[in-house]
Structure formats: structure tokens, C-alpha cells
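I opened my notebook to look up a few things in this structure. Here is what I was looking at.

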Amino acid sequence: MKILKALWPTVLLVALLYLLGNSHGTVPAIGKLFNPFTGFWQNSETNPNKPENLTLSGLQEEVIIKYDENRIPHIFAKNDHDLYYAQGYTIASDRIWQMEFYTKVAAGRLTEIVGERALAYDQYNRRSGMNLAAENVVARLDEEPELKKTLEAYADGVNAYLATLTEKDYPLEYKILGYKPEPWSPKKTMLMMMNMRNQLNGGSTDFRMTQLAQKYGMDVVNELFPDYPVMADPIIPEGSPLLFEPLPVPATPDAITAFPEDKTVAMSLQNPRPEIGSNNWAIAGSKSATGLPILANDPHLGLSYPSIWYQMQLTSPNVNVYGSCLPGAPGITIGFNKDIAWGVTNVGPDVMDFYKINFKNNNRDEYWHDNQWKKTTKRTEKYVLKDGKTVIDTLVSTHHGPVIYFENSKDNFNKSVPAGYAMKWITHDSSPTDLNCFLGLNAAKNYDDYLKALSYYVAPAQNFVFASNQNDIAITPNGKLPLKWNDQGKFLLDGTRADHDWQGFIPSNQNPHVKNPERAYVSSANQSIVSPKDYPYYIDWISAPPYRGTQINKRLAAMTMGTADSLRSVQNDNYSLAAEWFLPPLLKILENSPSKYSEEIALLKNWNYRNDAHEKAPSIFETWINILLDKVWDDEFPSNQNLMHPSEDKTLDLIINNPESKWFDNINTKDKKETLEDIVLSSFTQTIDSLNKTYGLQSDEWQWYKVKQTGIRHLIPAFEAFSTFNIENGGGKRIVNASTDKWGPSWRMVVELDKEWPKAYGLYPGGQSGNPGSKYYDNLVEPWSKGELKELLFLKNEQESSERIMALQTLKPSK
Amino acid sequence: MIYLIILIVGAIVSVFGPWWIAAPLAFIVCRWKATSAKQAFGQSTAALLTLWLVYISYVFIKSDVNLVNKMMGVLSSSSEGFGTPVNVIVILAITSILAIIIGGLGGLAGYKLRKI
């Protein structure tokens, strides 16, 4: 009894320490998190400067890092090994959690962090083969010894940073979610690249198009979903000459699709994911005030914290380059050096196809292909849940690729993947040369170097825009593109037929390309790549609506004596071509009948078609156009039945040239034939009702930025407090300044090429630090929302001084 | 005396030690020095509270970012928690409870075991 009396506080203490030291479900380890010496207070940045001197093992020589006022590192190394080592070290010190998070997503390992609710997502990612592809690329790295060394140096740098950490130094996200960083490796860099391939080339409309063909037949498909848009202003100017002798295109088989048997999958299926848009262009010297080219790029991605991009300058005896890089990958992804500048936008070619597999029996050991039974390969995947439990999954692969789902289920993560089909995806390509493209561009001196660098690139295919101080401009939709018969993979394919297989690739030097065109500018905005008249190969049928591309081309065509500021103003162009095209015919119909909404109609009539932040008209127009498009198409092509709507330019074409079209009739009303006029009037009433309901009667609450609601969200959606909402900016998804609720220009850059030394401007929505407790987490959001650019500090060499350098860091090799 | 020892030694070991390091410290100091349960519990709690509150105040004042609001937002699944004043009070309350457990209970446990 006496012992018990003496012992109870100790027992209670140990029990409480145990409870408070571990996380329980979604409740973090409170003891660790709230202890001021180990928990979140340690992440509240009291000194923004990095340590002045560090001694690191693995470095060969001393590295100097200069930090400017936005805490952008300018790295000066004496050899390439140390350069990429220091890049890895530096970026890890700001972004390690984010880098690792992407790799966990691509590897299908989120369950380890958040538990079972991520299982369906993980299973999709794992089954679609990104983890396996990353392993296959790494296995072939010996073919590229220089690249291998670069990747290893980078990984060593990241790991040198991790070695300096104790638990209290971990980024906040690790502390809240209760896990620890793992060592970095070249495989993790490849997983990071796989994540980009998935983000940018991971979509497919094959299932939707097949269902559509099944329901309405090929004539309707060809009429409403043509391979080349009605209103096209392609990346390769129409009429550009073909500069190569094309390979023979494979013959189109007698049957081009394999319909799914199960037609009952149309339950609660999600819409296609939002389009990822980006802009880039370059004007020739003849259009610029300096007489030399100016290049601009703004890739649009999901706006997220920590920022997608990380700015840095990388200098060694072999390279001096500035730009933005992807955390986890060595080198600069979008940037410039003394002689050249380059940028990228997404091509979005059809590089993901699905093959219907005929298995011999339920063991799925063999499948029928090319008149014989062929063996499948099986692989066991293990998912570890947060509580330590495991889930086992068997992955079945054919020569096409993995079979993602065997049954259609509402629990499947990706509803656009049909059950019983194998996925053929460029992401599975194990060629290890991808990063040589960017490393080559980093050191490129001229157009020939640019072409050589591009030849290494696999995926995700990008429109690489280029400008040099030798007065060359060029653009190349580039990547490893399958050589297809026309429309191959527009629909689901037949996995038993050899003629449905991919039959080789378009040679890299036969990718679409234009250099120094007569019009003195090159540009891309995810629009259609090239007219079928000017190019022999099929790349894809679908592309972004023509608004951004056409508007950019209009601005650039009219430009003379252009400067960096003129290009900045194009990046921030809020002009709505959609409004210019749609509104006149729609307003004409609206004004023909009496309306109680004269005030709202007047707002539209007096609008200058600019989606500026404080305008009210864009709120009406953007709401209206969405409702109108839905009313025209959703009766025949219900999006909740996994069907898709025809393009906006096709709809406009009908409104203007075929207003009596049968497609305007609502097939759900049996006794009535609706007309375009009915749709216009009812959709407008519905628009105003909807705005009234959500934002009250017309007032300043209708201002576009309040309706559009652009926000930058933390990668963990539940961490709202680490996010920024209600950003006061203009733009829209049909606008060159493509800021929407969750998407937008993730990095804006403008480079004026120069014989002596280039001048460049840029910024991204966020900041260099990934730490929500640092002022450099979101310091660039405000200037970004105003459309400002910061002059980028590009130092000539280690000796050049600048008053913008705030801090110095020296990394020394340990003896 | 107990107060001072835990305050000074606590400040040093907290920089390097794990989150629970002050508990064994209070335990040892009270097993060695404390003369009553009340004293062990009270002075250990007070020492740890002093150390933590001074440190928190320093960090809070020196930081450019109000991480208290962000943390409370994350913990309450909202964008800003309950507004700065309430957030600060909640954080201080949790911190104090933690100081009572680690410091107070640690000291009391040490004192109670001094005869064994």
C-alpha cells in the first residue's frame, strides 16, 4: 500500500507521457507539438538567415551561396558535383517535406501518412505503374553515367541536410502528421518526375468518347468532336512547310475500338478534371525595342503551398543559369542563361490508351493477343497503413501495361479508367534521359544546343519555347510521341489485335517545330498543335479552347518595339475573347424579349470584355456561359453519365451558323421543342437567380474576384490555415491571365535576351520557404496578384557584388 | 532552490533533449531536494512555466508570422482558429497543462519516491 501511494504519480506520469508523445487518429502528438522546445514554436522563424558556415561531408570543394532579398539562393560551386550537391542541400533546407510528399503520392504511399482514406488513391497510383517506372528508369541509369553522378550528388546534398536535423527541426507538416523524412535517392527524383508526368499527361477521354460513340455513333462523334477545332489558331502557324521526309503512317484497322461490355458503370462518375493551361511565347528582335528576342512563360498549375517552383541561380565552371526548378529534380526547369532562354507549356498528347484484355480464365495468367495466349506478369504490392496494418494487392500486367481495375466500382479512384482494360502510358517508358534535356538547356548556348537538348526528352510532352541572343526564336511541341494511325486511342482499343498496339514512335526530329517564322513570334497556350494539312502524324484530337492562344497571337501580331513590360502586360491580359465571341449573338436574343433584368443586361452591354478583379459583368458572363453550355449539351451528353460535352468553339459555331440545330432541343421534354432562344432566356434567368441567391441582390459582392475566389491551398487540403483565400485578382479559365479558383500562373517569367547580359523578371505565387512559420512562405503572393514581376538577380560570377544580397553561406568540405 | 535549479538546468537540457526531458529533471531534483509534495509539485510547475512562457514570448515577438493563429486553424480545421486572443489563450492553456504534467507531476513523482 505504501509503495502504491509512493508510486502512483510515477505511473500516471509515464502513462501521460506515452499518450501525449504519440498521435491518435487525426490528433497529433500534443506533447511533442506543444512543447516549446520541440514543437511548432521551433518552426516560427525568428532569424530568416541560413547558418553562415557549414561543414558537410561529401563536398569536394568550398561552395558559396548568396541569398538575395527574397531569399533566393545564388550558388557558386567549383565543380558540377558540388553544384548539384549544394542544390540538393539548399532546396531540401526549404522544401524537404514537399519534395518527399510528391514522391509518396507517386509511389502510392500516402496511406503511411494519412491512413486508410488514401488507399483508393494509392492503389490507383501504384497500379498505374509510376513506382515501377521510377525503378525501371533508375535501373537503366548506368546508360547515362554523367546524369547518374548528377542525381547522386543531388541526393547526397539532400541527405547531408537531413543528417543535420533532429526531430525539433522537422518541418511542421511532419510534426502535425507524425512521421519522419526518409533518405533521398535518385529513385525519389524519378518519382517526382513521375508525379509531373501524371499531373500533365495523366488524363484520358478514351472511355468517355467510346461511350459516346456507343450511344450516338461515329457520325455524331465526327460532327461534334472533330480532330481539329472549328476555330483554330495552332502553335505551328498554318501553312508552315514540312521540313522532313515523313515515315509511313500505320494503316487504320477495320475496327478502331473495343466497346466495354458493362454499360451500367454510369453511376456517380466525376467530370473530366480541369484543364491545365499554360502560356509561353517569344518575340523576334524585329518586334522588340532592343532588337533582340524577348521570351515569356507562365505555366498554369494547381496553385499550392509550398510553392510548386523554387527559384535559384546555379553556377559552376560549366554552367551559369537562373530560373525555377521543381523541388526534387536537379537543374533548372524553366529559365535562362547568358545566351538563351526557354520555357514550357503542356502539350497534352494522347499518350495514355486502354486495351480491352481477354483473359483465358479468372486466374488471369494468360491473355489473348495476336492469335495466341500470352503470359501476364504479376507483382505483389503492399500498402502500409498509418497504424501499421498492411493491405496486399496483386498487380497484373500485359505487354500493353497494367490492368488497373477488374471491376467497375464507385470506390475506384479514377472513374475514367474502364475495368478489364490494360493501360498503355508513356509514363511507363524507362528511358533515363529525360533530365538531360533540362541540364542541356541549362548550359545551351544556341539554337543547335536547344535542339540537341530536346532530343533527350520523353514525358510529359511540353511545348518548348526558345529564344537566343543570336536572334533566333523557336517552339517545339516535344516529347516521345507514339506513331499512331489516325484517331488511334481516341477510343478504347482492342487488346487482342496486334494492329491496335503502338507501332513505334515519331522520330524526335520530326516533332512539330517552327523556327524564326515570318510573323516574328512563336507562341503556345495548349491549343491545337498543328493543322492536319501541315503535319503527317496524329498526336491528339482534343486541345484547350482557342481563346488564350488566339488572344496572345492577336497581341503579339500587333506588337512593335516590345519590351519586357509589354510582355508582362500580355501575361496579365484579362480580355475575354469568349465574351467578344459569345455575347453579341446572345445579347441580341436576350434583347428581343422583355426582361426584368435590364440592369444586369446593361452591365453586360457596357462591359469592355475584361475579366478585371472589380468588374461585375464577368461574374454574370462566366456564370451564364457555364449554365448555357450545360443547357445545350447536358441533356444529350449528361456529364454524370461519364459523357463529355462538345467544345465551346463548336457550340459557338452552332449558335452563329446553325441556330436551328436539333442540339438545342431539350430531349428530356417530350412534348416541347426548345430553341436556342429558349435556352438563352432560361439560362440567363437561372444565372441571375443563382447570383442573387449566392451573393445577394446586385452589389459589390458581385465583383469578379469575389465570385471567382482564387485561392492557394496547402498540399494537405485540411490545412486551410496554411492556405491563402480570396485573392484580389482578375482572370479566368478562358483568359490569358488564367487564374481560377484553384489554378493559375504558377511562375511568371519574362527574359530580355542581350548580347552582353540578359535582363529578366519573374515571380511565383508563394515564396521560397516551405515553412508556414516563415515570412518567405507567401511573401510573393501579393505582388503576384497585382501582376507585378520582380527583376531577377542574375550574377555574372561569384565576385560580382549586389546590394540585393542579404546573406552569405559557405559550405565547406569536411576533411 | 528547486525552482532555480529546474529553471536553469531545464533551459540547458531542453535545447538538446527530447520533449519529455523536463520530467526526469524535475523528478531527480525533487527526489533530492523537495521537502513536501506541495513544494515539489508547485515549484517544478512554476519553473517549467516560467521557462516556457519566457521562451514562447520571445519567439512570438521575434517572429514575422503569427504561427499561433495558423496552428490553431489547423488544429480546429478552420482558416484562422478562433481569432488571435482566443487562440493565444487556448495555446497558453494547453502549454500550461503540459507544464503541469511534465514539471509538476514529474516533481511530485520524484518526491513521492524519495523514501524508496
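Why does Val221(A) count as buried? Val221(A) counts as buried because it has 20 C-beta neighbours inside 10 Å. I noted the cut-offs: buried takes 20 or more other C-beta atoms within 10 Å of the residue's own, exposed takes 12 or fewer, partly exposed lies in between, and C-beta atoms are placed from the backbone.

I then noted how to read the model. It is predicted, so local features need pLDDT of at least 70 and side-chain atom pairs count only at pLDDT 80 or more, while totals for chains, interfaces and linings use all residues. Residues are numbered from 1 along each chain as its sequence is written, and chains are lettered from A and ligands numbered from 1 in the order in which they are written.

**Around Val221(A).** I found Val221(A) in helix H11 (residues 218-224) of chain A. Helices (H or I, at least four residues) and strands (E, at least two) are DSSP runs, numbered from the N terminus. Leaving out residues up to four places away in sequence, Val221(A) touches Met209(A), Leu212(A), Ala213(A) and Tyr216(A). Contact here requires C-beta atoms, placed from the backbone, within 7 Å. I also checked Thr210(A): it is 11 residues from Val221(A) in sequence, and their C-alpha atoms are 9.5 Å apart.

**Where the chains meet.** I looked up the contact next. It takes 34 residues from chain A and 35 residues from chain B. On the side of chain B that touches chain A, H5(B) gives the most, with nine residues.

Conventions:
Two residues are in contact if their C-beta atoms, placed from the backbone, lie within 7 Å.
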